[in-house]
Amino acid sequence: MINRIRQYDWKKYNFSLLCVVVTLCILGVYCVRMAGGTDKGYSLMKGQVVGLIFGLFIIAIVSVIDYHFICQFSIVYYIVGILLTLAVHTPLGTDNNTGTYRWIKLGPISFQPTELMKIILIITLATLFAALHSKLDKFSSVIKICIVAIVPIFAILTQPDLSSSLVGVFIMCIMIFIGGVTYRIIVPVLIAAVPVSIFLGWYIQIPHNFILHGYQYNRIQAWLHPDTYPNADNLNWQQNSSIKAIASGQLYGKFIQDGGKGLESRTYNGVGIRESDFIWSVVGEEFGFIGCCIILLLFAIVIFKCFMVAKKAQDYLGKMIAVGVAAMFMFQVFANICVATFIFPNTGLPLPFISNGLSSMISSMIGIGLVMNIGIQPAKSSKEGFTMRNLNSSENSDDEIGLDI
């Protein structure tokens with residue numbers, strides 16, 4: 001391992017990506033502090049600072065551990081991740097006063113296994129893609145990929161957590177699209193997906209359907225018919241309040257107008273779960289339109305850099321991991337902001353690096369650490385410890401793959 005670390009191209013260590021991530025985290029510390037108000041603002045801020053420090057430690061560790069070595073144990077992560085995701089239904093699970101069982105509580109510590117499962121899914125799919133790289137022109141290979149992805153996604157759905165399961169679906173779709181699956185498979189699937197999507201769009205609007213839970217159905221109906229659906233005002237209250245808070249920030253935001261003081265004047269004080277799922281309402285009011293654009297630019301830089309690392313990766317495995325991490329950030333940023341601005345129905349997804357929550361912070365930092373490790377891999381390395389050779393060549397034989405699928 002020490003010899004492997006010495007071979008890294010440290011000149012390519014992505015300090016610019018690290019700086020952008022730290023900047024987003026510092027903004028998150030401030031927003032979480034403001035979201036907590038005078039009652040719990042400082043306690044939430046302390047927790048966020050601890051998460052930032054711990055996250056930087058995770059990046060430092062993960063970025064120097066060869067991702068080929070990490071991926072050797074992907075099947076172990078996969079099984080443990082699914083078991084942890086299902087463990088929320090055992091006495092270890094807790095609803096944290098939300099009515100949905102998504103947390104595991106061990107003494108004073110509670111965490112969301114779903115957040116860790118997102119990273120495990122990326123590692124597992126990347127390893128599977130690498131093993132099937134020379135067979136991606138076969139429909140059976142795509143079926144294997146879908147089955148491996150659907151199992152944890154279904155486990156997440158049982159919590160229920162529709163939004164996180166959609167993250168998994170998006171990661172899988174992006175990795176399939178970029179991974180090199182032939183268009184002879186992709187095009188027919190897309191054609192078949194059109195009528196299926198239309199049917200699902202119609203079916204989920206039927207009361208007591210088997211896909212959505214009652215509260216999910218009500219939220220979607222209130223979003224689709226805000227003026228006519230019964231109790232729509234109460235169901236849309238969080239999102240309507242969030243829009244008012246964002247609008248009150250105007251061009252420059254209240255952070256510049258009053259230097260971050262005057263919590264009693266903040267409109268987002270009427271927004272529920274504003275320190276996590278609706279943190280964008282705090283961002284909008286504090287930093288205004290210009291600040292929101294700058295933060296969106298920072299997220300775009302993070303995602304772009306992940307894709308650039310994927311493009312320059314020394315092998316196919318590294319490429320697919322970086323693509324998966326980029327897809328995870330892309331969907332979560334887009335969905336979180338769309339919910340806060342009433343573009344999507346109300347659903348719970350944290351905003352990476354900014355929302356309060358140690359589970360989300362850890363999973364995001366692991367993703368960044370993996371991407372940074374991929375970026376410093378030496379060219380034409382032998383990839384000791386991971387029996388895959390010439391993954392970028394179409395001449396791979398089944399005997400060259402050290403992972404039996």
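Me: Contact here means heavy atoms within 4.5 Å. The model is predicted. Against which helices do the buried residues of α6 pack?

Reply: Start with the helix itself: α6 covers residues 139-157. Its buried residues include Val142, Ile145, Ala149 and Ile153. These buried residues of α6 pack against α4 (74-86), α5, α7 (162-179) and α8 (183-203).

Me: What length is expected for α6 at 1.5 Å a residue?

Reply: Helix α6 has 19 residues. From first C-alpha to last, α6 reaches 26 Å. That is close to the expected value, 27 Å.

Me: Where in α6 does the kink lie?

Reply: Look for the proline, Pro152, which is one of the buried residues of α6. The kink comes shortly before Pro152. The bend is about 25°, and its place is Ile150.

Me: At what angle do α5 and α14 pack?

Reply: Helix α5 spans residues 113-131, and α14 spans residues 316-340. Their axes are 8 Å apart. The crossing of α5 past α14 is right-handed. The packing angle is about 145°.

Me: How many residues in the contact of α5 with α14 are nonpolar?

Reply: From α5, the contact includes Ile119, Ile122 and Phe129. From α14, it includes Leu317, Met320 and Val325. Sorted by class, 3 residues are polar and 2 are charged, while the nonpolar count is 11.

Me: Is Ser164 buried or exposed?

Reply: Ser164 sits in helix α7. Beyond its neighbours within four places in sequence, Ser164 is in contact with Thr114, Lys118, Ile156 and Leu349. Its relative accessible area is 3%. The cut-off for buried is under 20%, so Ser164 is buried.

Me: Why does Glu275 count as buried?

Reply: Glu275 lies in the loop between α12 (254-258) and α13 (279-312). Buried means under 20% relative accessible area. Glu275 counts as buried because its value is 15%.

Me: How far is the C-alpha of Val21 from that of Pro352?

Reply: Val21 belongs to helix α2 (residues 15-62). Val21 and Pro352 are 331 residues apart along the chain.

Me: What is the relative accessibility of Val21?

Reply: Leave aside the neighbours of Val21 within four places in sequence, and its contacts are Val302, Phe353, Met365 and Ile368. Val21 counts as buried, because its relative accessibility is 0%.

Key: Residues are numbered from 1 along each chain as its sequence is written. This is a predicted model: local features need pLDDT of at least 70, side-chain atom pairs count only at pLDDT 80 or more; totals for chains, interfaces and linings use all residues. Side-chain values use heavy atoms; hydrogens and water are left out. Axes are lines fitted to C-alpha atoms, for helices over the stretch in contact, and angles run from 0 to 180 degrees between N-to-C directions. Helices (H or I, at least four residues) and strands (E, at least two) are DSSP runs, numbered from the N terminus. A crossing is left-handed if the near helix is turned anticlockwise from the far one by less than a right angle, and right-handed if clockwise. Ala, Val, Leu, Ile, Met, Phe, Trp, Tyr, Cys and Pro count as nonpolar, Asp, Glu, Lys and Arg as charged, and the others, Gly among them, as polar. The expected span of a helix is 1.5 Å times one less than its number of residues. The bend at a residue is the angle between axes fitted to the seven residues ending there and the seven starting there. Buried means under 20% relative accessible area, exposed over 50%, partly exposed in between (1.4 Å probe, protein chains only).
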